[in-house]
Amino acid sequence: MNVQNIHLVTDEAVAQAEEARTASPLAVRNLTVSYGQTPAIFSVDMTVRAGAMTAIVGPNGAGKSTLLKAALDVIKPLAGTVTVFGEPLAVMRDRIAYVPQRASVDWDFPTRVIDVVLMGMYRQLGLLGRVRGKHRAAAMDALDRVGMTDFATRQIGQLSGGQQQRVFLARALAQDADVYVLDEPFAGIDAATERAIIAVLKDLRDTGRTVVAVHHDLATVPNYFDDVVLLNTQVIAAGPVDDVFTEDNLQAAYGGRLTTARVDPESVAG
Amino acid sequence: MLGDALLLQLGYNATLVTVGAALLGIAAGVAGTFLFLRKRALVSDAISHATLPGVGLAFVLMVALGGDGRWLPGLLLGAAASAAIGLLCVQGLTRATRLGEDAAIGAVLSVFFGFGIVILTVVQTMTAGQQAGLEGFLLGSTAGMLRGDAILLAVSAAAVLVLVLILRRPLELAAFDPGYAEATGWSLGRIDLAMMGIVLVVTVVGLKVVGLILIVALLIVPAVTARFWTDRASHVVIIAGAVGGVSGYVGAATSAVAPALPTGPIVVLVGFLLFLVSLLFSPGRGVLASLLTHRRYQRRVHMRQGLLALAQGQPIFEALTRRLMHRAGLILPDGVATQAGQAAASKALLDETRWSLVRADTSFAAAATRYDGLTPIEDVLTPDQLRDVDGRITAPKAV
């Protein structure tokens, strides 16, 4: 444990942190998840800043996806609490939209693009609410925002990887949430889709929404994101990209395995 | 004879059995669809085999309490209880250990079935047990079906349909994307519990008709059959219900005509026949359609490659390509292009040149994704865009 990290905590600092957590659209405290005896994430504190785009970055097996899933109660944590705008997650579900990893579902499932997007409104529709024109219009609008209107009635098995990712994003957009949580939205997709998705995400941020995404490509972090959480089972560093995305922190997160060539010095602050 | 049976003209009992089997088929097809879509079809096999100890123990208990032992609702309650325990064992093993669900199913299925057979053997030695007819639960026995049994089937089938109608959204969501279902606040545990509860009801009321060994077929075959005909989950459910209903109806009617044939297995075979027809002949996913599509596609690729070779003055090596092009009147047997062949070749080359320009230009990114080597570019670009592209073809030539 780093000695500098242990300092006396003043009452004022505690109060400030508490205030930040209450205002945060997604705050986790002491979150620990373990598969068997080894923790995937250990005592993670993360306070996402409202109206910002936050990247969760770290090496393979660092627990990035696990952190997201545990924060959304998709997997049960061993310990820890999650709050959304200061309230428990359970009563704030509607404010959060989740975009799972594309590879997590079977794309041969018998459903069409528009049906997948409508799934984003199932919670709002409830068990028996009828799908009305306004719901279809909202779904088409979501597809329009990701440039997929032409594919509305296609079977999802006919889509390319990039198109699948756009459909997943459209489903989240149809939820019209305040917080968008994305698990590796740029994994295995083409450059055009990456640009389209980042444009949608920046647009969400610019209209006051909050975006949290697991991200793999260190080179694009400073361009795409405002804040970054460096994770390797524990949080190595978290905060604005300019302060946190430094050579030292990255080496700490990647255990010194990162060759400097991978990080463009121009794009790394500090 | 079969005509009479299908029109329910074969008397009271045959009619009861036929209607009952049809209702069971509908319920099983509908309930089984979600198992199939959730990729948990075989759990139903564990559930059905796990009913057997319950049937035997319920009989023993009822006899011990001074009853007849053959009272059907009592036997079915026993079946439901032990099936539920079996199901909990599968889920417990999967969750608490590193065993996969397949291994858990295998273990639970065989142990419960073995235990059930032991109890049945013991029952045979009891004086009350000699005419118990519990073997009928293995492969079904419809001979002594009563009006009450048919009503039980009807009520259960209706309950299953209503439950599926109410729960269709969470069931679909859990099957397609369980993580997303959980993240949007549906409890996956409760959805699965409901799904298994529905399957359990179908299994237990279906025991007398098709028996515990074959009920799994009635749950899975209709859904698999339906999948061939549609790409929408809601339609799979409806078609699977229809396939199950027809299987039950036709199967029971057939066995009524030939009483030596057991109802359950015939029902399953009729379902299999529908599956076979779908597998071979369904237009989208059927074997025949896939084969034809593949052949057609292969021919288009060969033609295209042949034309491009012609246009560039290269020889055509592949026999299939030469054969196809000759048949289309594009080349002579010696490989020399006909007039039509030359025209088609230069058209193909122009198309390819236009495509390569479009694909290199990021302003055409959307159109470029439609490139598959076969689609004519006129299908993708507007005449104005084409003129723009053509302008660029001639420009470098002038230099």
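Visitor: Which residues in α4(B) are buried?

Guide: This is a predicted model, where local features need pLDDT of at least 70, side-chain atom pairs count only at pLDDT 80 or more, and totals for chains, interfaces and linings use all residues. Residues are numbered from 1 along each chain as its sequence is written, while chains are lettered from A and ligands numbered from 1 in written order. Buried here means that 20 or more other C-beta atoms, placed from the backbone, lie within 10 Å of the residue's own. In α4(B) that gives B:T51, B:L52, B:P53, B:G54, B:V55, B:G56, B:A58 and B:F59.

Visitor: Which residue just after α4(B) takes a positive phi?

Guide: The phi there is about 90 degrees. The residue is B:G66.

Visitor: Which element gives the most to the side of chain B that touches chain A?

Guide: Two residues are in contact if their C-beta atoms lie within 7 Å, and the contact takes 20 residues from each of chain B and chain A. On chain B's side, α8, α9 and α12 give two or more residues. With five residues, the top giver is α8(B).

Methods
Helices (H or I, at least four residues) and strands (E, at least two) are DSSP runs, numbered from the N terminus. A residue is buried if 20 or more other C-beta atoms lie within 10 Å of its own, exposed if 12 or fewer, and partly exposed in between; C-beta atoms are placed from the backbone.
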